[in-house]
Amino acid sequence: MSSVLIFVILAVAILVVGLVVGLVALVNRRKQPPRRDLPQSAPTGTITEERPPEAPAEPQAPAITLERPEGTAGRLVRLRQRLSRSQGGLGRGLLVLLSRDRLDEDTWEEIEDILIMADVGVAPTQELVERLRTRMRVEGVGATEAATVLREELLALVDPSMDRTLATTATGGRPAVVLVVGVNGSGKTTSVGKLARVLVAEDKTVVLGAADTFRAAATEQLSTWGERVGVDVVTGPEGSDPASVAFESVRAGVERGVDVVVIDTAGRLQNKAGLMDELGKVKRVVEKQAPVSEVLLVLDATTGQNGMVQARVFRDVVDVTGIVLTKLDGSAKGGIIVAVQRELGVPVKLVGVGEGADDLAPFDPETFVDALLDQG
């Protein structure tokens with residue numbers, strides 16, 4: 001075989017191999033999925049999920065620090081101090097007259113005048129003077145013993161035998177209910193707030209009812225008193241039915257299992273008929289939930305004998321169980337305590353002796369008389 005033939009055969013073989021390789025490559029390329037180019041904006045490498053920005057934290061309201069009201073002991077100390085300053089002139093004036101060497105008719109008339117000017121009232125004054133005259137004459141009391149006799153007779157006039165405890169003990173799973181009545185301006189709503197502090201100091205749980213709905217200021221005022229000592233206050237829209245608010249207040253007290261519900265009633269009523277209707281309705285709806293245990297009448301001590309007119313109206317309308325005398329530290333005459341007790345036949349249970357939050361104190365006859373005579 002010639003060399004030319006061999007060369008031709010090799011060239012054909014190479015051509016055939018090249019064609020086969022080309023065909024295989026073409027087939028393989030058609031079997032691969034088409035390539036999809038990522039958009040230029042698509043990130044490459046590790047993909048991190050973006051989180052939405054967190055909303056700024058809402059500022060928290062500052063925690064309210066509850067006040068701890070003062071106990072009874074401290075209140076009584078302050079009661080004596082305040083009364084000694086405001087009422088001490090009455091006792092000292094009487095003692096000066098009784099210490100005279102000779103007690104003639106003119107002296108006894110002066111004693112009567114002092115007592116009447118102190119709002120003791122005519123009948124109690126005559127009774128006290130008669131008892132003093134008898135003892136001074138029969139017992140031969142001299143100037144040194146006059147103070148002792150005067151103290152004993154004043155104490156008897158104030159009547160320490162009266163029950164001055166507040167009926168604030170829950171019974172039968174129902175809270176004690178205290179209705180507070182009185183005319184606007186007497187310090188009624190303030191007394192309700194201060195009474196709540198007295199009860200909290202005794203470790204009692206309390207709900208307040210703002211049923212004086214005719215005065216928006218009364219509701220706001222009572223809410224503030226409650227917030228200061230952590231006491232819930234049930235309110236209603238201005239001008240709403242006071243009996244409805246009173247009912248809801250007692251219902252809340254029952255549901256929460258509190259010891260006492262204190263209700264501030266409306267004080268704007270100007271006539272006896274309207275007053276009777278309103279307070280009667282309040283009492284009726286309240287007693288569907290729990291019996292009323294106390295009805296406290298708030299009187300402004302500075303009104304003196306004029307306050308007795310208010311006392312008589314409320315006595316005829318509701319069964320008053322106790323008196324709260326406010327503003328006794330100012331120009332008030334201490335004798336109003338005797339007069340109002342005689343008029344209503346119920347005891348003075350609480351007295352207000354200042355503008356401070358804890359200036360409402362249980363009335364103690366001995367503390368009062370000692371303050372009058374400036375005795376420790």
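The questions and answers below walk through a predicted model. Its local features need pLDDT of at least 70 and side-chain atom pairs count only at pLDDT 80 or more, while totals for chains, interfaces and linings use all residues. Residues are numbered from 1 along each chain as its sequence is written, and side-chain values use heavy atoms, with hydrogens and water left out.

Colleague: How much space lies in the largest pocket?

Modeller: A pocket is an open set of points on a 1 Å grid over the protein atoms alone, with protein on both sides within 12 Å along at least five of seven lines, whereas a cavity is a set where a 1.4 Å probe fits but cannot get out; lining residues have an atom within 4 Å of a point. Points are joined across faces, edges and corners, and a volume is the space filled by probe spheres set on them. For the largest pocket, whose lining of 20 residues has S186, G187, T190, T326 and K327 nearest its centre, the space comes to about 280 Å³.

Colleague: Which helix gives the most to the lining of that largest pocket?

Modeller: Helices (H or I, at least four residues) and strands (E, at least two) are DSSP runs numbered from the N terminus. By class, the lining has two nonpolar residues (Ala, Val, Leu, Ile, Met, Phe, Trp, Tyr, Cys, Pro), seven charged ones (Asp, Glu, Lys, Arg) and eleven polar ones (the others, Gly among them). The biggest contribution, five residues spanning part of 188-201, comes from helix α6.

Colleague: Why is α6 described as largely enclosed by the rest of the structure?

Modeller: Helix α6 has 14 residues and reaches 20 Å from its first C-alpha to its last, close to the 20 Å expected at 1.5 Å a residue, where the expected span is 1.5 Å times one less than the number of residues. A residue is buried if its relative accessible area is under 20%, exposed if over 50% and partly exposed in between (1.4 Å probe, protein chains only). The helix is called largely enclosed because, of its 14 residues, the number buried is 13.

Colleague: Which residue with a positive phi follows α6?

Modeller: Most residues other than glycine have a negative phi. The residue in question has a phi near 65° although it is not a glycine, and its place is in the loop between α6 and β2 (206-210). With a relative accessible area of 60% it is exposed, and its name is D203.

Colleague: Is D119, which also has a positive phi, buried or exposed?

Modeller: The phi of D119 is about 65° although the residue is not a glycine. D119 lies in the loop between α3 (105-117) and α4 (122-138). Its relative accessible area is 13%, so D119 counts as buried.

Colleague: What is the volume of the largest cavity?

Modeller: The count comes to two cavities of 30 Å³ or more. The largest of them is lined by residues including L90, L154, L157, V158, F368 and L372, and α5 (143-158) and α12 (365-372) each supply at least two residues of that lining. Ten of the lining residues are nonpolar, two are polar and none is charged, and the volume is about 70 Å³.

Colleague: Which element gives the largest share of the lining of the second largest cavity?

Modeller: About 40 Å³ of space lies in this second largest cavity, and its lining divides into eight nonpolar residues, one polar and no charged. Both α6 and β5 (292-300) supply at least two residues each. The largest share, three residues, comes from α6.

Colleague: How is the pair of aromatic rings, F363 and F368, classed?

Modeller: A search of the whole structure finds one aromatic pair, where rings of Phe, Tyr and Trp (its six-membered ring) pair if their centres lie within 6.5 Å, and planes under 30 degrees apart count as stacked, over 60 as edge-to-face and the rest as tilted. F363 is buried at 5% relative accessibility, and F368 is buried at 2%. Their ring centres are 5.5 Å apart and their planes stand at 55°, so the pair is tilted.

Colleague: Which residue with a positive phi follows α5?

Modeller: Helix α5 has 16 residues and reaches 23 Å from its first C-alpha to its last, close to the 22 Å expected. Its buried residues include A146, V149, L150, L154 and V158. The residue that follows the helix has a phi near 70°, and it is D159.
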